[in-house]
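I am keeping these notes while I go through one structure, element by element. I want to write down each term with its cut-offs as I first need it.

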Amino acid sequence: MAQRYDIRQTYDWNYLHAPASPPAVAVAPCPGQWRFCGIPVASPLGVPAGPLLNSRWILHYAALGFDVLTYKTVRSAYRACYDLPNLLPVERGELREEGHTLHAASGSGEYDSWAISFGMPSRDPVEWRADIGRARQGLHSAQALVVSVVASPQPGWTLQDVANDFAVCARQAADAGAQVVEANLSCPNVCTQEADLFLSPEAARLVASTVRAAMPDLPLALKVGLFPGRTCMEDVVAAVAPFADAICATNSITAKVAGEDGLLFGGLRRGIGGRAIAARCLEETALLRRVLDAQGSPMDLISVGGVATAQDVRDRLHAGATHVQIATAAMIDPMVAIRIREESI
Ligand SMILES: Cc1cc2nc3c(=O)[nH]c(=O)nc-3n(C[C@H](O)[C@H](O)[C@H](O)COP(=O)(O)O)c2cc1C
């Protein structure tokens, strides 16, 4: 078994104890022609923002059958991680809407989903810029490096200030070696201004246009959460279409989590990743495809949320995704892409 993230340990511990060198594993080819935001890649398989804390984690998963590697969201200044638990397994079940309550999984049994609670920590930009360069250098030519960025709003900031901070990070990520920049417009686990920008066509457009102006040379992807309905989705897609090259959905679906003694995380919702959100995220991918097609939009559609098997990948591609990303299942089983590639996609 290849090394995996230790959920009993802190983010900092896992950052420092990243795999020392990429594992030597046979990776089956993935027949077909695959492109990610115009970049030729060896497969439609990627890891979204989150599991890959630094270049050593990037190169670890790059050796394990993933060809699009996303550097965990970075900020324009250092930000500490939330306290443990950062990843809390929940009982098996299906989550179709925001805001339900799930139960924490008991004991040390098997699980396939968890509550995600990091608060988007970031190393200092000096550190992440140098590290992005190392990640890029270690990838081979049919792989692509995405860097996820987010703003860090200060009291009194306008939306334009927020957009400018996104743009500063995007420019720095591009200069450091990113091939694609992803602006995270949805973070379910933070309560400040950067959390739900994707729900506002005006806000999403301002961020996308400001980043595009600062970074005209690279593809721009936008990470979004679950849309409350088709109209909102249509309005946001139309608003960002002139500036973005890809939409990445769905970040996660939020829920409260109950432990034995009541609600955890101070009663606040946390994003749920894993099997629990798979069916709903597949539907969202299909709806996004219909909306993109109806608007004649050439944007790539990156499907994320609950993917774990070759059948899931086939379903996402069939639903109209151009690329498929796996977070939770890849952390639970780092060999997941190796197994998926051994079946035909
Ligand atoms: C450990 C972990 C950390 C995450 N951190 C981020 C992040 O920094 N930025 C982001 O856009 N999404 C983040 N996510 C969300 C994932 O990118 C993904 O959208 C979500 O987990 C759903 O995919 P999954 O069901 O395959 O886990 C994180 C997820 C996990 C599991």
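The entries below go from the barrel to its strands, then to the ligand, a helix pair and some backbone details.

**Ground rules.** I noted that this is a predicted model, in which local features need pLDDT of at least 70 and side-chain atom pairs count only at pLDDT 80 or more, while totals for chains, interfaces and linings use all residues. Residues are numbered from 1 along each chain as its sequence is written.

**Barrel.** I looked up the sheet and found that 8 strands close into a barrel in the order S3-S4-S8-S9-S10-S11-S15-S16, with parallel pairing. On average, neighbouring strands of this sheet are turned by 25 degrees against each other, direction ignored. For the terms, I wrote that helices (H or I, at least four residues) and strands (E, at least two) are DSSP runs numbered from the N terminus, and that two strands pair if DSSP finds at least two bridges between them. Axes are lines fitted to C-alpha atoms, for helices over the stretch in contact, and angles run from 0 to 180 degrees between N-to-C directions.

I checked S4 (residues 68–74) and S8 (residues 144–149), which run parallel and are joined by 5 bridges. Within S8, Val-147 is the residue opposite Tyr-71.

**Strand S15.** Is S15 buried or exposed? I found that 5 of the 5 residues of S15 (residues 300–304) are buried, so the strand is largely enclosed by the rest of the structure. Buried means that 20 or more other C-beta atoms lie within 10 Å of the residue's own, exposed means 12 or fewer, and partly exposed lies in between, with C-beta atoms placed from the backbone. In a regular strand the side chains alternate between the two faces of the sheet. Here Asp-300, Ile-302 and Val-304 point one way, and Leu-301 and Ser-303 point the other way.

On one side, 4 bridges join S15 to S11 (residues 246–249) in parallel, and Ser-303 is the bridge partner of Ala-249. S15 is also joined to S16 (residues 323–325), again in parallel, by 3 bridges, and Ser-303 has Val-324 as its partner there. The chain crosses from S15 through helix H8 (residues 310–318) to S16 in a right-handed β-α-β crossover; right-handed means that, with the strands pointing away from the viewer, the path from the first strand over the helix to the second runs clockwise.

**Ligand.** I found 26 residues around the ligand, the closest being Pro-48, Gly-50, Gly-273, Ala-327 and Thr-328; a residue is near if its C-beta atom, placed from the backbone, lies within 6 Å. S4, strand S14 (270–274) and helix H9 (328–332) each give two or more residues to this shell.

**Helix pair.** I noted that H3 (residues 125–138) and H4 (residues 159–176) pack at an angle of about 40 degrees, with their axes 8 Å apart. Pro-125, Arg-129, Ile-132 and Gly-133 in H3 meet Gln-172, Ala-173 and Ala-176 in H4, where contact means C-beta atoms, placed from the backbone, within 7 Å.

**Backbone details.** I recorded a cis peptide bond from Leu-84 to Pro-85, with omega near 0 degrees, and another cis bond from Ala-249 to Thr-250, with omega near 15 degrees. Cys-37, although not a glycine, has a positive phi of about 50 degrees, and it counts as buried because it has 24 C-beta neighbours inside 10 Å.

Conventions. Two residues are in contact if their C-beta atoms, placed from the backbone, lie within 7 Å.
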